[in-house]
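User: I would like to go through the contact between two chains, and the terms used for it, one by one.

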Amino acid sequence: MRREQPEARAEFFRRYAPQVRRILFLQGFCEEVDDAVQEVFIKVYRAQVPAEETFLAWFYRVILNTGRDQGRRRKTRQGLMDRLHQIAPAAAADAPSEPADPALREALADLSPELRECVALRYFADLPLEEIAQAQDVPVGTVKSRLHGAVKRLRTSLDQSGFERHD
Amino acid sequence: MTDHPRADDATLGVFDDDRLLALALGLDDDPELIAAAAADDMLRRRLETMRGEVADVAAQVHAAVPAPHEGYADLADPRWAGLREFFAAESPRPGRARGRASRRLRVLAPVAAVIIALVVGLTVLERQGGGTASLRSHQAATEASAPAALGGGAHGALSFADQVDEYALVVLARARAARGAVQRFTVVRVLKGTAPAVLRLRIADGAVRVGGLHLLLLRPLAGATGAASSVGGLSTTKGSLDAYGVGKPVAYSYHGEPALARKLPPGTDPRTFTLP
């Protein structure tokens, strides 16, 4: 991102910061998530995009790597569970009418980090499979497998908790 | 949640839930399943149910981690202080900055030469027994008008510039919360050397206050004999920097080497802060 384009950088931040926050949150952040968001953008503004990569593919990889670096130091399944339960939906812009089903939160916390990354990129960044594959640096087939496995587990958790659909 | 329409065993065997899920998620096109669902009412209803369940999962994931409030990305918020340097209206390129510094140097150098000549001349006069009063008044005037010269002789301590010269890495950074024996700092501006976005310093004296802008002196250079020679030695420079309004030195270690944090006065603009 060019140094002499402060407005372009600001616009990029305004557009992407909310989804970066959600992706990092699902990687296990809570109280320090804003620090991590800031760290992502500092890295992006300071770095050069590798010539062989598109900007967004590289950008999402920076997000995932930031989350992985932090996660290695202090990731626990219980920690993520606690964080997911600390979320206050009322403070959100798209506040859902009801909080997430507890069984789904537990299932989310139980997913492996790779599967959670996949879910985050799919649902928060709305990335197509090919771009998720680039960000995770895996083949598209692996992304399909991960996404299938993740959604299957989440669906099963809702099923077993007696979740009722609202058609 | 699942109350799938019942289907015969043959259909279930070929088109099991995994296959329906893959189609519902858009992972596979599966024209065979689409064609079969068009011809089989039971299968079509199973597929619709699966699509509904996938939509439920999506809604629940969004509910589990909702989007932040609308003002979240407001750059005026103090939480983004570490990013402000990137949004400044004027982001001078290094070349331009060097050019300006060079022009300033050309203007200021003759003035500095005159001042030095005056000081030398007055000193000679004083040694010769005269002009004591005028020397004192000149010294007072010089100190008042040139704060950048501070530290040079204060209690024999190193000057700010000398101290900075003893470190390979000098940054402005905001303190984050300490965790255990480590405190992290978000780098706001690199004044000298190359730094990562976040620095993790091991606490020696005690943690500094969260959010404060600090001058960090890191990676002492080999052969440094003054401030950087040891954490204990850092305290000898205390007096030399006080005149800048910075806080007392707080010792840390960075990658096993002594490091120093000094809080900058409130209101210091990291974009315009310059090393003396």
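**Contact between chain B and chain A**

Analyst: Between chain B and chain A, 14 residue pairs are in polar contact, both residues at pLDDT 80 or more. This is a predicted model, where local features need pLDDT of at least 70, side-chain atom pairs count only at pLDDT 80 or more, and totals for chains, interfaces and linings use all residues. Side-chain values use heavy atoms, without hydrogens and water.

User: What makes a pair a polar contact?

Analyst: Two N or O atoms must lie within 3.5 Å; within protein, one must be able to donate a hydrogen and the other to accept it, and residues adjacent in sequence count only if both atoms are side-chain atoms.

User: Why is the meeting of Asp17(B) and Arg155(A) called a salt bridge?

Analyst: The term requires a side-chain nitrogen of Lys or Arg within 4 Å of a carboxyl oxygen of Asp or Glu. The N to O distance here is 3.5 Å, so the pair qualifies.

User: What is the buried area between chain B and chain A?

Analyst: It is about 5,200 Å², 62% of it on carbon and sulfur atoms. Buried area is the accessible area (1.4 Å probe) that two parts lose on being put together, summed over both.

User: How many residues does each chain bring to the contact?

Analyst: Chain B gives 57 residues and chain A gives 55 residues, with contact meaning heavy atoms within 4.5 Å.

User: Why are β1(B) and β2(B) said to pair?

Analyst: Pairing needs at least two bridges found by DSSP between two strands. β1(B) and β2(B) have 8, in the antiparallel sense, so they pair.

Key. Residues numbered from 1 in each chain as written. Chains lettered and ligands numbered in written order. Helix = DSSP H or I, 4+ residues; strand = E, 2+ residues; numbered from the N terminus.
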